[in-house]
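Here's a quick briefing to read with the model open beside you. Have a look around first, then come back for the details.

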Amino acid sequence: RAYKTSDLAKKAIDRIEMFEKDRSDENRVVYPTLYARNIKDQNRFVLKRMMTIYWRSVSYNRTRLVMATVLSFLFGSIFAAQRVPKTEADMNSRVTSIFISTLFLGV
């Protein structure tokens, strides 16, 4: 509310109105293609922005780290109690359970 009634807001609105009045074809911005940037640059900028937002959310990353640590200790305690596999079925069972737990932690 303070900005709407400030001198800075009035100056900004006056300047916008000035640019709207002085419209002409020579001041018009025209791009040779539909978009100002190609798709590769657009994807790079969006990815950069999303990574910045991701790394700035500290509470989200801290929670993920704590949950991953707790779950990894839980899964590790399950695998530590298993016996050494003696048959192919036992080995297949262990590999499958490790895969599923890794998938669970990764997602």
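Contact here means that heavy atoms come within 4.5 Å of each other. With that in mind, N61 touches Y54 and W55, leaving aside residues up to four places away in sequence. Keep in mind that this is a predicted model.

**Around N61**

- N61 lies in helix α3, which covers residues 58-80.
- Is N61 buried or exposed? Its relative accessibility is 17%, so N61 counts as buried, because the cut-off for buried is under 20%.

**Where α2 meets α3**

- Helix α2 takes in residues 39-56, and its axis comes within 5 Å of the axis of α3.
- The two axes cross at roughly 70°, which means that α2 is roughly perpendicular to α3, as angles of 65 to 115 degrees are classed that way.
- On the α2 side, the residues in this contact are Y54, W55 and R56, and they meet V58, Y60, N61 and R64 in α3.
- Sorted by type, the residues of the contact of α2 with α3 come out as four nonpolar, one polar and two charged.

**The ring cluster**

- How many aromatic pairs are there? The count comes to three.
- One of these involves Y54 and W55: the ring centres are 5.2 Å apart and the planes sit at 80°, so this pair is edge-to-face, given that planes over 60 degrees apart get that label.
- Y54 also pairs with Y60, with ring centres 6.1 Å apart and planes at 75°, so this pair is edge-to-face too.
- Put together, ring pairs join Y54, W55 and Y60 into a cluster.
- How open are these residues to the outside? Y54 is partly exposed, at a relative accessible area of 26%, and Y60 is partly exposed as well, at 45%.
- W55 has a relative accessibility of 56%, so W55 counts as exposed, because the cut-off for exposed is over 50%.

**Where α3 meets α4**

- Helix α3 also packs with helix α4 (residues 88-106), at an angle of about 170° and with the axes 11 Å apart.
- That angle means α3 is roughly antiparallel to α4, since angles over 145 degrees fall in that class.
- Which residues meet here? From α3 there are A68, L71, S72, F75 and F79, and from α4 there are R94, S97, I98, S101, F104 and L105.
- The residues of the contact of α3 with α4 split into seven nonpolar, three polar and one charged.

- The charged end of R44 sits over the ring of F45, at 4.8 Å from the ring's centre.
- F19 lies in helix α1, which runs over residues 7-21.
- With 49% relative accessibility, F19 counts as partly exposed.
- F19 and T5 are 14 residues apart along the chain, and their C-alpha atoms are separated by 21 Å.

Note on methods
Residues are numbered from 1 along each chain as its sequence is written. This is a predicted model: local features need pLDDT of at least 70, side-chain atom pairs count only at pLDDT 80 or more; totals for chains, interfaces and linings use all residues. Side-chain values use heavy atoms; hydrogens and water are left out. Axes are lines fitted to C-alpha atoms, for helices over the stretch in contact, and angles run from 0 to 180 degrees between N-to-C directions. Helices (H or I, at least four residues) and strands (E, at least two) are DSSP runs, numbered from the N terminus. Angles under 35 degrees count as roughly parallel, over 145 as roughly antiparallel, 65 to 115 as roughly perpendicular and the rest as oblique. Ala, Val, Leu, Ile, Met, Phe, Trp, Tyr, Cys and Pro count as nonpolar, Asp, Glu, Lys and Arg as charged, and the others, Gly among them, as polar. Rings of Phe, Tyr and Trp (its six-membered ring) pair if their centres lie within 6.5 Å; planes under 30 degrees apart count as stacked, over 60 as edge-to-face and the rest as tilted. Buried means under 20% relative accessible area, exposed over 50%, partly exposed in between (1.4 Å probe, protein chains only). A charge sits over a ring if NZ of Lys or CZ of Arg is within 6 Å of the ring centre and within 35 degrees of the ring normal.
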